[in-house]
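Here is a short report on selected parts of one protein model. Please look over the sequence and structure first.

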Amino acid sequence: MSIRIIITGGAGFIGSNLVRHVFDNTSYHIVVIDKLTYAGSTESIADLLESDRVELEQCDIADRAAMTRVFERCMPDYLINLAAETHVDRSIDDAESFMQSNIIGVYVLLELCRQRVRENPGFRAVHVSTDEVYGSLGTEGCFSETTPYAPNSPYAASKASADHLVRAWVKTYGTPVMVTNCSNNYGPRQYPEKLIPLMVLNALEAAELPVYGDGLQIRDWLYVEDHCHGILKVLHEGESGRHYNIGGNNEYTNIDIVKRLCTEVEKHCPAAGNKAMKKRGCSSYQNLITFVEDRPGHDRRYAIDASRIRNELGWSPVHDMADGIAKTVAWYIQHPDWCQAVTKGRYARQRLGIVG
Ligand SMILES: NC(=O)c1ccc[n+]([C@@H]2O[C@H](COP(=O)([O-])OP(=O)(O)OC[C@H]3O[C@@H](n4cnc5c(N)ncnc54)[C@H](O)[C@@H]3O)[C@@H](O)[C@H]2O)c1
């Protein structure tokens with residue numbers, strides 16, 4: 001019988017890219033579990049669902065009875081958890097679903113993993129976390145796996161809580177779980193509320209490009225496929241209870257990223273030939289940049305020291321920023337149907353996360 005893997009959150013951005021990566025690089029049978037919130041969409045894995053190697057269960061990871069049934073039916077060898085509420089701005093507006101999915105959901109999964117390992121001693125799991133648990137950096141230094149946790153947003157606090165639960169289940173029950181803490185991802189199929197797709201789609205429509213605060217916040221960007229490669233490596237070769245920071249050593253300010261996106265959009269769709277730009281009387285995408293009120297509690301700088309996963313597991317990213325941004329912008333321009341399908345009736349690119 002083939003190896004069976006559960007990927008939770010597999011209809012979201014990183015999850016759908018991971019399902020693709022696992023499909024292409026293993027012979028595993030993949031069970032995607034996803035609540036299909038506004039951020040999850042069957043469109044992101046529709047082609048893969050045509051294969052009898054991939055199936056989808058619409059289920060909330062915090063629903064213990066439903067998740068127990070799924071585990072009993074699937075009898076997984078592996079689990080990778082990406083199911084989460086993920087948008088910091090939404091966590092500022094209403095943190096309830098973040099607490100439910102990101103904390104209670106992880107508790108439920110850990111209990112099921114604890115039980116599963118009794119039936120299948122080879123069972124292992126990866127919990128996908130974020131670098132945001134470490135808080136904000138000054139101009140120097142990087143987050144390592146020993147950096148103390150200091151989350152600053154409700155989202156980051158919920159992820160930090162989940163990481164502590166994993167630690168406790170490893171220490172107390174010996175449940176075999178690894179944790180990855182990754183920096184900002186970018187690539188195809190990211191929900192258009194996030195910086196990169198939002199800027200590309202707004203630019204194409206000649207809408208304002210809203211940059212928070214002074215735009216000098218620094219993020220360490222990683223192409224999503226490199227993250228997926230790292231997650232799979234940790235699943236196969238990682239040590240239970242160990243954290244692995246994953247990052248591209250790729251620091252850019254938000255304003256730099258937005259300007260790069262403008263340049264890339266210009267290559268595909270010159271402003272001079274874009275009717276919406278003409279109508280607005282705008283000759284350059286960069287003229288659409290508008291500085292808006294900053295996000296409350298906005299972390300200034302994230303940077304990852306990924307030497308543990310590089311040295312111990314031999315992982316390294318293969319995409320550089322120029323290559324990754326070019327592929328990403330091309331993907332959004334070539335997939336207007338996906339962009340429309342995932343946002344229709346759910347999100348109109350409005351500003352979120354202002355403390356009233
Ligand atoms: N995007 C990034 O830059 C980044 C960086 C580091 C870590 N992460 C982590 O990676 C994971 C995936 O992030 P993403 O960017 O793909 O997020 P996403 O918002 O695009 O996708 C999340 C998916 O989880 C599903 N989901 C939400 N709550 C659920 C629940 N209770 N039960 C089942 N499914 C549920 C959603 O429907 C969606 O398909 C998250 O845990 C996030 O914290 C993301």
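This is a predicted model: local features need pLDDT of at least 70, side-chain atom pairs count only at pLDDT 80 or more; totals for chains, interfaces and linings use all residues.

## Helix 1

Helix 1 runs over residues 13-25. It has 13 residues, and at 1.5 Å a residue these should span 18 Å. The end C-alpha atoms are 19 Å apart, which agrees.

The buried residues are F13, I14, G15, S16, N17, L18, V19, R20, H21 and V22.

## V133

V133 sits in the loop that links strand 5 (124-130) to helix 6 (154-173). Its relative accessible area is 0%. Buried means under 20%, so V133 counts as buried.

Which residues does V133 touch, leaving out those up to four places away in sequence? They are Y149, A150, P151, A156, K159, A160, D163 and N181. T147 is 14 residues from V133 along the chain. The C-alpha atoms of V133 and T147 are separated by 9.6 Å.

## R295

R295 is also a loop residue, placed between strand 13 (289-292) and helix 11 (307-313). Is R295 buried or exposed? Its relative accessibility is 17%, so R295 counts as buried.

Setting aside residues up to four places away in sequence, R295 touches H87, V88, D89, I92, Y212 and R351.

Note on methods: Residues are numbered from 1 along each chain as its sequence is written. Side-chain values use heavy atoms; hydrogens and water are left out. Helices (H or I, at least four residues) and strands (E, at least two) are DSSP runs, numbered from the N terminus. Buried means under 20% relative accessible area, exposed over 50%, partly exposed in between (1.4 Å probe, protein chains only). Contact means heavy atoms within 4.5 Å. The expected span of a helix is 1.5 Å times one less than its number of residues.
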